[in-house]
Amino acid sequence: MTLLDFTILTAKVVLVMSVLLSTVPILVWVERRGSAFIQDRLGPNLVGPFGLLQPLADVIKFLFKEDPIPLEAHRFLFPLAPLFSLIPAAVTFAAIPFGDTIELWDHTISLQIADINIGILYIVAFGSLGIYGILLAGWASNNKYSILGALRSSAQMISYEIVLGASLIGPLMVYGTFSLKEIVHLQAGHWGVVFQPLAFITFFIAAFAECNRLPFDLPEGEAELVAGFHTEYGSMKFALFFMAEYLHMITISALTVTLFFGGWQLIPGLMSLAQGLGFAVYPTSLILSLLQMLSFSLKVGVFLWIFIWVRWTFPRFRYDQLMAFGWKILIPVALMNIFLTTLAIYLKWI
Amino acid sequence: MVGYSHYLILSAVLFTIGVFGVLLRRNLIIIFMSIELMLNSVNLSLVAISKFTQSADGQIFVFFVITVAAVEAAVGLAIIISLFRHKQTTAIDEINLMKG
Amino acid sequence: MWHNIIFWILSILCVGCALGVVWQRNPVVSAVFLVGSFVALAGLYLNLNAPFLAAIQIIIYAGAIMVLFVFVMMLLDLHHPLDLYFRFTKPKLPKYIVLGLFIWLLCTLILATAFPLAIPDKAQGFTVAQVAILLFSKYAFPFELTSLLLLIALVGGVVLAKKK
């Protein structure tokens, strides 16, 4: 591991982390204005042009507000719980490729922080560590509503994690590899959703439950359980939970795009558009990498908008409906998908 | 230079800490967690052996140990829950109904 | 060189978290320390070129078994009784001496064995494909038995913990 490798790795990490952390305020703004648009009202529009500086105002508010810690809360676990939520959500992005390779000073840099050959397993593993943030937050708050919300939320997350894992087996069988870089390369002809539509549907629905977003957000529903597991959390700690939720949304959208929608493969038509505008696009040029990153960002943006759209459109599931849906409907559908995929591979349709 | 024996010594240390927990704690759940720690120390030595003798059988063994540990944790915790419903305590000294 | 540094950092973390499991009075904090220990162990598996097992360790142990532990602790509302034996029995010294002797015995036995000299850095890790081929060919029967065992655990857990 030479110094140059180390510098390139650090640069990639810094780039990805800064893009992620700066997407969160943009997402907050899109959510507030987008929800206002759906609900036929204006959103925040006073702070900057079109309310664009609203997230900045939110950050300043979070920094200066009082950070309460309840008297009987557990001294060690209460501050630790938001970190347990934030770190897995941030770290999972390391395995997701956002572009092909770049050639710089005859050094091939792949636009992915870590090309782990167990990419999908790594993401599932760290996704399952996110449950601790919720459990420990609920328990350490020493508050009935928190603990109820935490128990419900973690039971929901565990059940839908099973759906997530089971729905990933179909694409795994089709692609034959765990490594996300290989998977994106294999989608050069047709995007993955053409081969695995059922897996995409179950995966996307489970993604909503994993991120605790409506229609699965009973645990943190505002009208139901005060605020669920983050009732007792004040300014900066609440901001960490908030950030963790949006980061988790971004990661799951990026994973959906990578597995089912071609990852950084160019949106059809983009290449001819760029060539029409006069850019010379040849393999491993910088322009191609930029186009790939742009395609990736646009696709992730579409899915993030779908997340926000669904949130402000549907009502909430009741808890028993939610668990019945996960266990009695989605898991059999995911298993059926595995069976159908096996049949298709055996009969050489795929 | 970290070699074979380093991993095995680490496994031995973890095993001893697990034994420490099982023998000297009174709380049932912490005893159970110490048992899991002992199982993990054995897993570590199996993986080290698998690497240094270049055979994948060690890793398969670890796979099965992890699965069996999951099974044991589930059933054990179910037993603890039903015990707790009877006796309202998790101290093992109190569970002495069958004592002669 | 990196392997050594990572080994020392992760092993100190692992032993520290294991000691934390055993020393804490509160079971939930013990569980958190145990999760830390498992994640450190997963890092050690990665150091030993076993990526599949590292991921499985985190998914199953840290992500499912320990969540089950924390769930049970939250459902049971434990008023942690004073661990009288551990803290307040005298004499304290003999138990530590005995455990120290145990560790010393194990370490001496390990260091005295002449393990065949392997060349660690050239040792190949095992990819998921190799592990899977072995699992489904040579060890197919235990694999199927394990699935039966999991079914038994599922039924047993429900039967034992059900309210009458």
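# Close-up views of a predicted three-chain model

**View 1. A salt bridge links chains B and C.** The side chains of Asp57(B) and Lys138(C) meet in a salt bridge, 2.9 Å from N to O. A salt bridge here is a side-chain nitrogen of Lys or Arg within 4 Å of a carboxyl oxygen of Asp or Glu. Between chain C and chain B the count is 1 salt bridge. Residue pairs in polar contact between these chains, both residues at pLDDT 80 or more, number 9. A polar contact is a pair of N or O atoms within 3.5 Å; within protein, one must be able to donate a hydrogen and the other to accept it, and residues adjacent in sequence count only if both atoms are side-chain atoms.

The model is predicted: local features need pLDDT of at least 70, side-chain atom pairs count only at pLDDT 80 or more, and totals for chains, interfaces and linings use all residues. Residues are numbered from 1 along each chain as its sequence is written, chains are lettered from A and ligands numbered from 1 in the order in which they are written, and side-chain values use heavy atoms, with hydrogens and water left out.

**View 2. Chain C meets chain B.** In this interface, 78 residues of chain C are in contact with 64 residues of chain B. Contact means heavy atoms within 4.5 Å. The area buried between the two chains is about 6,900 Å². Carbon and sulfur atoms give 80% of that area. Buried area is the accessible area (1.4 Å probe) that two parts lose on being put together, summed over both. In chain C, Leu48(C), Phe69(C) and Phe126(C) lose the most area to chain B, together 10% of what that side buries. Of the 2 pairs of chains in contact, chains B and C share the most contacts. No contact joins chain A and chain B. The closest C-alpha atoms of chains A and B lie 15 Å apart.

**View 3. Asn4(C) sits in helix α1 of chain C.** The helix spans residues 2-23. Helices (H or I, at least four residues) and strands (E, at least two) are DSSP runs, numbered from the N terminus. Asn4(C) has a relative accessible area of 19%, so the residue counts as buried. Buried means under 20% relative accessible area, exposed over 50%, partly exposed in between (1.4 Å probe, protein chains only). Beyond its neighbours within four places in sequence, Asn4(C) is in contact with Met1(B) and Val2(B).

**View 4. Chain C is built from helices.** Chain C has 7 helices and 0 strands. Of its 164 residues, 43% count as buried. Among contacts in chain C between residues at least 6 apart in sequence, 57% join residues at least 24 apart.

**View 5. Phe238(A) and Phe242(A) stack.** A search of the whole structure finds 30 aromatic pairs over all chains. In one of them, the rings of Phe238(A) and Phe242(A) have their centres 5.6 Å apart and their planes at 25°, so the pair is stacked. Rings of Phe, Tyr and Trp (its six-membered ring) pair if their centres lie within 6.5 Å; planes under 30 degrees apart count as stacked, over 60 as edge-to-face and the rest as tilted. Both residues lie in helix α9 (residues 235-260) of chain A. They are 4 residues apart, and therefore separated by about one helical turn. Phe238(A) is partly exposed at 23% relative accessible area. Phe242(A) is partly exposed at 30%.

**View 6. Phe317(A) and Phe325(A) stack.** Their ring centres are 5.6 Å apart and their planes at 20°, so this pair is stacked. Phe317(A) is partly exposed, with a relative accessible area of 23%.

**View 7. Ring pairs form a cluster in chain A.** The cluster links Trp191(A), Phe200(A), Phe203(A), Phe204(A), Phe208(A), Phe260(A), Phe261(A), Phe303(A) and Phe307(A).

**View 8. Thr177(A) lies in a loop.** The loop runs between α6 (144-175) and α7 (180-186) of chain A. The side chain of Thr177(A) reaches the backbone nitrogen of Ser179(A) at 3.1 Å. Not counting residues up to four places away in sequence, Thr177(A) touches Leu172(A), Glu182(A), Ile183(A) and Leu186(A). Thr177(A) and Gly119(A) are 58 residues apart in sequence and 9.0 Å apart in space, C-alpha to C-alpha.

**View 9. Gln292(A) is buried in helix α11.** The helix covers residues 286-311 of chain A. Relative accessibility of Gln292(A) is 6%. Leaving out residues up to four places away in sequence, Gln292(A) touches Phe98(A), Gly99(A), Asp100(A), Trp264(A) and Leu266(A).
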